[in-house]
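Q: I would like a close look at one part of this model, followed by a connected account of how its side chains are arranged elsewhere.

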Amino acid sequence: MALMFLFWQFVIMVGHDMPHVTPSGFFWYLHFVPALFTPAVLLMCALRVGTPGRLLPLGFAEPILYLITGLCCLLVLTNHAHQMVFSVEPADGVYQGGLGLELGYWVILGWASIMYAAYVAVLASSSHRKMRYSIGLVCIVFAVGLTYVVCAALRVGGLYSVPLTLAYELMVVIGVEICLALGFLPSFTRYAEMFRSLPVDLGVFSRSGVLGQSTDSFGPMDPEVVPLAMGNLRGLDSTEFRINQKPGVLYRVYRVLGGFVLASERTSGIEAQRDELERQYQVLGRNIEALERTNSIAERLARQKKEYELLDDVGRSLDATVLRICALLEDLPDDDTQEGLIERQRRLFISKMLVAYCKRKGGLIISGQSGDDYDRERMRLIIGEVASDLRTTGVECESMVVTSRSLPAQSFSTLYDCLYDAALLSLELDDPVLMTYLGDADESLVEMRVVLESPNLRDTHDNPVLDAFREKLASHGATCSHDGEEGRIAIAVRVPHVPATAEGGGEAW
């Protein structure tokens, strides 16, 4: 098309100002050669990539199409002899008035219109359903061009003075560019060299199995490959197969417009890698199984170790508590004075609290062995019982539990010891006030804060009770900090938590 348009412009430049009627008329008639062969070329492009090409053999359609177009051009070029296309009087010249349109002109115009219409129809039938709505743009461009040609021929509205060649070429170029941009008409000119240099064994075949295009690395095929590809692809969009002669080669076939694509892939190396990967996968599977068993044993040993540590801790605490109870009961005052009764009542109550402490510590062992964790409600109940017992002895005691997490028995045992040590210390003081708060310190720790106030509470920096308590907490992996002043002491203990399934819930993950 580009070459024909260049030829058209050359004819215009050469024959524009020739003084003689006959040469200028000949060059003027040459205008119709590119004008008629342009739609013929476009229609053949559409037939080569379109659906009708499957039903209409191109070897039969192409000669017929060019033969009819050539006869139309011959009819125009010999117009001076028969005047069947234009009626021109010699005195008027070619570029002057007096030019008449005869039946041959309308026949030729109709043939060109039929070719343009067939071009659009073939592209529309060959495109995807969603693309067919866009073919209207091409129809509008060609309809405007046809209307302009007819109006210019009939001298409507002064259109004859506008260069017909420029308008015709412009409309055709716009229509073809729309087809290329929207994908109605593929153009492989700029991609041909790139396609040949692809590093794959790939060939494009026609429906009859004739090789049309191939890459430079596309080697010779065995005679039975192409027939097998055609047979296996019947009714499918893609398929793959192997042949006995080359078991290490995999052939892939894809259906394309007007034929199929055949690609060969050497899979011997890939299959060797696949076998090696399968072997490594089996080795990794065995290693993972061994690691899972090792991890299970390690978890079981760690759980047993924690149970033993909890059992030893509770055992030591119970032994020390029983000895303390015995010492309190053996040293009860025998006199019936008011002071003796008060001291005896105080010691008996301390013994009662120590017995309750022993019961709770025994419950911790059972919870640790069964794997039950302490949720918020359970901790609130136990701490509330301690606070209630203290209030019966005259100790002003309040407690608050706001954590949303669960604690294992080992961690709660540490907090329980802290609370009981503070409770027993408060019984040794005058007018004591004990405040307890249990909440979340951060995402990984639960904190218990205990504040004890009393007028006769001395300096806490050299308190042997706190020093022994800090050492016991350090042995359990907890952190302890305290500060205080005369008459007041504040203790903060932090232990790790177990995430709960719901806020305030009692089940551990």
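In which sense do strand 5 (residues 238-243) and strand 6 (residues 246-256) pair, and over how many bridges?

A: In this predicted model, strand 5 (residues 238-243) and strand 6 (residues 246-256) pair in the antiparallel sense, and the pairing extends over five bridges. The two strands form a hairpin with two residues between them, and within this pairing isoleucine 243 stands opposite lysine 246 of strand 6.

Strand 6 also pairs with strand 7 (residues 259-266), to which it is joined by eight bridges, and these two strands likewise run antiparallel. Strand 6 and strand 7 form a hairpin with two residues between them, and in that turn glycine 258 has a positive phi of about 90 degrees. Across this pairing, tyrosine 254 stands opposite valine 261 in strand 7. As background for reading the side chains here, those of a regular strand alternate between the two faces of the sheet.

Phenylalanine 205 and phenylalanine 218 form an edge-to-face aromatic pair, at 6.2 Å centre to centre and with 65 degrees between the planes. Phenylalanine 205 lies in strand 3 (residues 201-206), whereas phenylalanine 218 lies in the loop between strand 4 (211-214) and helix 11 (225-232), so the pair ties together parts that are 13 residues apart in sequence. Phenylalanine 205 and phenylalanine 218 are both buried. Ring pairs also link Phe5, Trp8 and Tyr168 into a cluster.

The side chain of threonine 69 is joined to that of tryptophan 111 by a polar contact of 3.3 Å. When its neighbours within four places in sequence are left aside, threonine 69 is in contact with Leu36, Phe37, Ala40, Trp111 and Met115.

Notes
Residues numbered from 1 in each chain as written. Predicted model: local features only at pLDDT ≥ 70, side-chain atom pairs only at ≥ 80, totals over all residues. Heavy atoms only, no water. Phe/Tyr/Trp six-rings, centres within 6.5 Å; stacked < 30°, edge-to-face > 60°. Helix = DSSP H or I, 4+ residues; strand = E, 2+ residues; numbered from the N terminus. Buried < 20%, exposed > 50% of the residue type's maximum accessible area, 1.4 Å probe, protein only. Polar contact = N/O pair within 3.5 Å; in protein donor to acceptor, adjacent residues only side chain to side chain. Contact = heavy atoms within 4.5 Å. Pairing = 2+ DSSP bridges.
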